Amino acid sequence: MIAIPVRTNLLLGGVFLSANAFVLFVLPSLALPIALKFAVVVLVVLVVLTTPAHWALVHDAIHSHALPGRKFNEAFGRIMAIAFGVPFRAARFAHLRHHRYNRAPTAREEVFDPASQSRFGAFAFHYLRISIGLYAGELALCALCFLPRPMLRRRLRSLCPEIDGVSRASADGAIDDALRPASLRQIRVDAACILLMLGSSAFLFGSAWMLLAALLVGRGLIISHLDHAPHHGTPIDQRDYAFNLRAPRWLQLALLNFNFHRTHHENPQLPWSALNRSHTFCADDISFVRAVFRQWRGPIAIDDPRVAARR
């Protein structure tokens, strides 16, 4: 069994939480001279650049290997997720759904069927999603989670259909777990904490609210761009497939090894610290930078050879 990097995770978590708290609550209270305004901008940019690593810690908590012990792991995940702007159990449901339905018809974010969707609509939705739409949707969960349970159940059932390899009973089990009273209460408490956190920060910033907006937009741009990049253009019949993305060592560290995305899908039990020790590259793998920017070529028709199921 590969050891969880407990000390490193706690250290990184403490740094990220402290940096976020400083920007959200301390910074707007400081009367800084004009000469230090540039330093403020640099600080906000640095916090934004921690987005991939911050999410990686939430992600490992989702898979129960950020900290040993279920209670400690979940508490850590909740705190880190609230600081990130998404309720932990909602993020967990969405991410585990991603593993369960990867490349299934309801989870091919860049693939569209020209017979049922206009090209314009497909391109508009795709560009919105990869630019900032994903993170905007995560923030919107903080309001949507307060909808009545029957409405939430209908929406989740539409996102979790019965397909080959995922039975209706299995999908309904995951939905039931997410919507049971204790789970939904936790989601709503986390959402209320996020709304209070962002609302209080906006109040403190006052007329300088653009700095808070810059933090959220910057975080949204990064996480929305990175989320689907390892899956863009991969065959639709290979459920666990993703690219392992080639990147220099410094970038691997900044991503906490999540450029090894296929390795993660094939071995979700591995903590981030072990991904670079268990990876292999294949001929189809591309660079991290290319994977991110190739998404701007637009969505892909379902009959395109790049994604067509292999016979």
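Me: On a 1 Å grid over the protein atoms alone, a cavity is a set of points where a 1.4 Å probe fits but cannot get out. How much space lies in the largest cavity?
Reply: This is a predicted model, in which local features need pLDDT of at least 70 and side-chain atom pairs count only at pLDDT 80 or more, while totals for chains, interfaces and linings use all residues. Residues are numbered from 1 along each chain as its sequence is written, and side-chain values use heavy atoms, with hydrogens and water left out. A volume is the space filled by probe spheres set on the points, which are joined across faces, edges and corners. A search of the whole structure finds one cavity of 30 Å³ or more, and the space in the largest cavity is about 30 Å³.

Me: Which element gives the most to the lining of the largest cavity?
Reply: Lining residues have an atom within 4 Å of a point, and here they are Leu 24, Ala 83, Phe 84, Gly 85, Tyr 135, Met 197, Leu 198, Leu 215, Leu 216 and Arg 219. Two or more of them come from each of α4 (70–84), α9 (181–205) and α10 (210–227), where helices (H or I, at least four residues) and strands (E, at least two) are DSSP runs numbered from the N terminus. With three residues, the element that gives the most is α10.

Me: How many residues of this lining are nonpolar, polar and charged?
Reply: Ala, Val, Leu, Ile, Met, Phe, Trp, Tyr, Cys and Pro count as nonpolar, Asp, Glu, Lys and Arg as charged, and the others, Gly among them, as polar. By that rule the lining divides into eight nonpolar, one polar and one charged.

Me: Which residues in the largest nonpolar core touch the most other members?
Reply: A nonpolar core is a set of buried Ala, Val, Leu, Ile, Met, Phe, Trp, Tyr and Cys residues joined through side-chain atoms within 4.5 Å. The largest one has 47 residues, and those that touch the most other members are Trp 55, Leu 57, Val 58 and Leu 215.

Me: Why can α5 be called largely enclosed by the rest of the structure?
Reply: The helix has 14 residues and reaches 20 Å from its first C-alpha to its last. Its buried residues include Phe 88, Arg 92, His 95 and Tyr 101. It is called largely enclosed because the buried residues of α5 number 11 of the 14.

Me: Is Arg 103 buried or exposed?
Reply: Arg 103 is in the loop between α5 and β1 (111–112), and its phi is positive, near 70°. Contact means heavy atoms within 4.5 Å, and, leaving aside neighbours within four places in sequence, the contacts of Arg 103 include Glu 110, His 228, Pro 235 and Val 307. With a relative accessible area of 0%, Arg 103 is buried.

Me: What distance separates the C-alpha atoms of His 228 and Gly 298?
Reply: His 228 lies in the loop between α10 and α11 (249–254), and at 4% relative accessibility it counts as buried. Beyond neighbours within four places in sequence, its contacts are Arg 103, Glu 109, Glu 110, Arg 129 and Gln 295. Although His 228 and Gly 298 are 70 residues apart along the chain, their C-alpha atoms are separated by 13 Å.

Me: What distance separates the C-alpha atoms of His 225 and Phe 293?
Reply: His 225 is in helix α10 and counts as buried at 14% relative accessibility. Not counting residues up to four places away in sequence, His 225 touches Ile 130, Ser 131, Val 292, Gln 295 and Trp 296. His 225 and Phe 293 are 68 residues apart along the chain, and the separation of their C-alpha atoms is 8.4 Å.

Terms used:
1 Å grid on protein atoms, 1.4 Å probe; cavity = no way out; pocket = protein on both sides within 12 Å on 5 of 7 lines; lining within 4 Å. Buried < 20%, exposed > 50% of the residue type's maximum accessible area, 1.4 Å probe, protein only. Expected span 1.5 Å × (residues − 1).
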